[in-house]
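Me: I would like to learn how to read a fold from its coordinates. Please take me through it feature by feature.

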Amino acid sequence: MDKKILVVDDAMFMRNIIRRILKENGYTQVWEAQDGEQAMELFREVSPDLVILDITMPGRSGLEVLQDMLDLVPDIRVIMCSAVGQEMMIQKALTVGAVDFIVKPFKQDEFSRVVNRCLEQ
């Protein structure tokens, strides 16, 4: 598939899991960022079709990065990832403009369904 996906998570193991799932679903154009600063650099450079963005990261939060991305590309599709217990943050992210969310830990089929649905919209 020719969709470009940017994965932003400070945990390398989580980026690896997401990359593997995306690859198994046929997505081969995947970029990774470990923090908000790197995410914004790649966002400008790659112009992804979809961003998978962790809410809790050191430095700039996922919500701040989400807002910056939406300021640059108002119709960018962003799926927020969060740990269990961050329901308020998820609601805020959806209010700001995220198209969907996934709660970690997630099941592979659930994750794939959310990604595929967001890219088909």
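Me: Is I18 buried or exposed?

Reply: Buried means under 20% relative accessible area, exposed over 50%, and partly exposed in between, with a 1.4 Å probe and protein chains only. I18 has a relative accessible area of 1%, so I18 is buried. This is a predicted model, in which local features need pLDDT of at least 70, side-chain atom pairs count only at pLDDT 80 or more, and totals for chains, interfaces and linings use all residues. Residues are numbered from 1 along each chain as its sequence is written, and side-chain values use heavy atoms, with hydrogens and water left out.

Me: Where does I18 sit, and which residues does I18 touch?

Reply: Helices (H or I, at least four residues) and strands (E, at least two) are DSSP runs, numbered from the N terminus. I18 belongs to helix α1, residues 12-24. Contact means heavy atoms within 4.5 Å. Leaving out residues up to four places away in sequence, I18 touches V7, I52, F106 and F111. I18 and S112 are 94 residues apart in sequence, yet their C-alpha atoms are 9.5 Å apart in space.

Me: What pattern does the protein chain follow along the sequence?

Reply: The pattern is β-α-β-α-β-α-β-α-β-α. That gives 5 helices and 5 strands. The radius of gyration is taken over C-alpha atoms, and the globule rule is 2.2 Å times the number of residues to the power 0.38. Here the radius of gyration is 13 Å, close to the 14 Å that the rule gives for 121 residues, so the protein chain is as compact as a globular protein of that length. Buried residues make up 45% of the 121 residues.

Me: In what order do the strands sit in the sheet?

Reply: Two strands pair if DSSP finds at least two bridges between them. The 5 strands form an open sheet, ordered β2-β1-β3-β4-β5, with parallel pairing. The edge strands are β2 (29-33) and β5 (100-104), each pairing on one side only. From one strand to the next, the twist averages 20°. Strand β1 (residues 4-8) is joined to β2 by 5 bridges. V8 stands opposite A33 in β2.

Me: Which strands do helices α4 and α5 lie across?

Reply: Axes are lines fitted to C-alpha atoms, for helices over the stretch in contact, and angles run from 0 to 180 degrees between N-to-C directions. Helix α4 (residues 87-96) lies across β4 (77-83) and β5, at about 160° to β5. Helix α5 (residues 108-120) lies across β1, β3 (50-54), β4 and β5, at about 165° to β5.

Me: How many salt bridges does the structure hold?

Reply: A salt bridge is a side-chain nitrogen of Lys or Arg within 4 Å of a carboxyl oxygen of Asp or Glu. The structure holds 7. In one of them, R15 meets E32, with the closest N and O atoms 3.2 Å apart. R15 lies in helix α1 and E32 in strand β2, so the pair ties together parts that are 17 residues apart in sequence. At 7% relative accessibility, R15 counts as buried. At 22%, E32 counts as partly exposed.

Me: Where do D54 and K104 lie?

Reply: Their side chains meet in a salt bridge, 3.2 Å from N to O. D54 is in strand β3 and K104 in strand β5, 50 residues apart, so to speak a link between distant parts of the chain. Both D54 and K104 are buried. Salt bridges that share partners join D9, D54 and K104 into one network.
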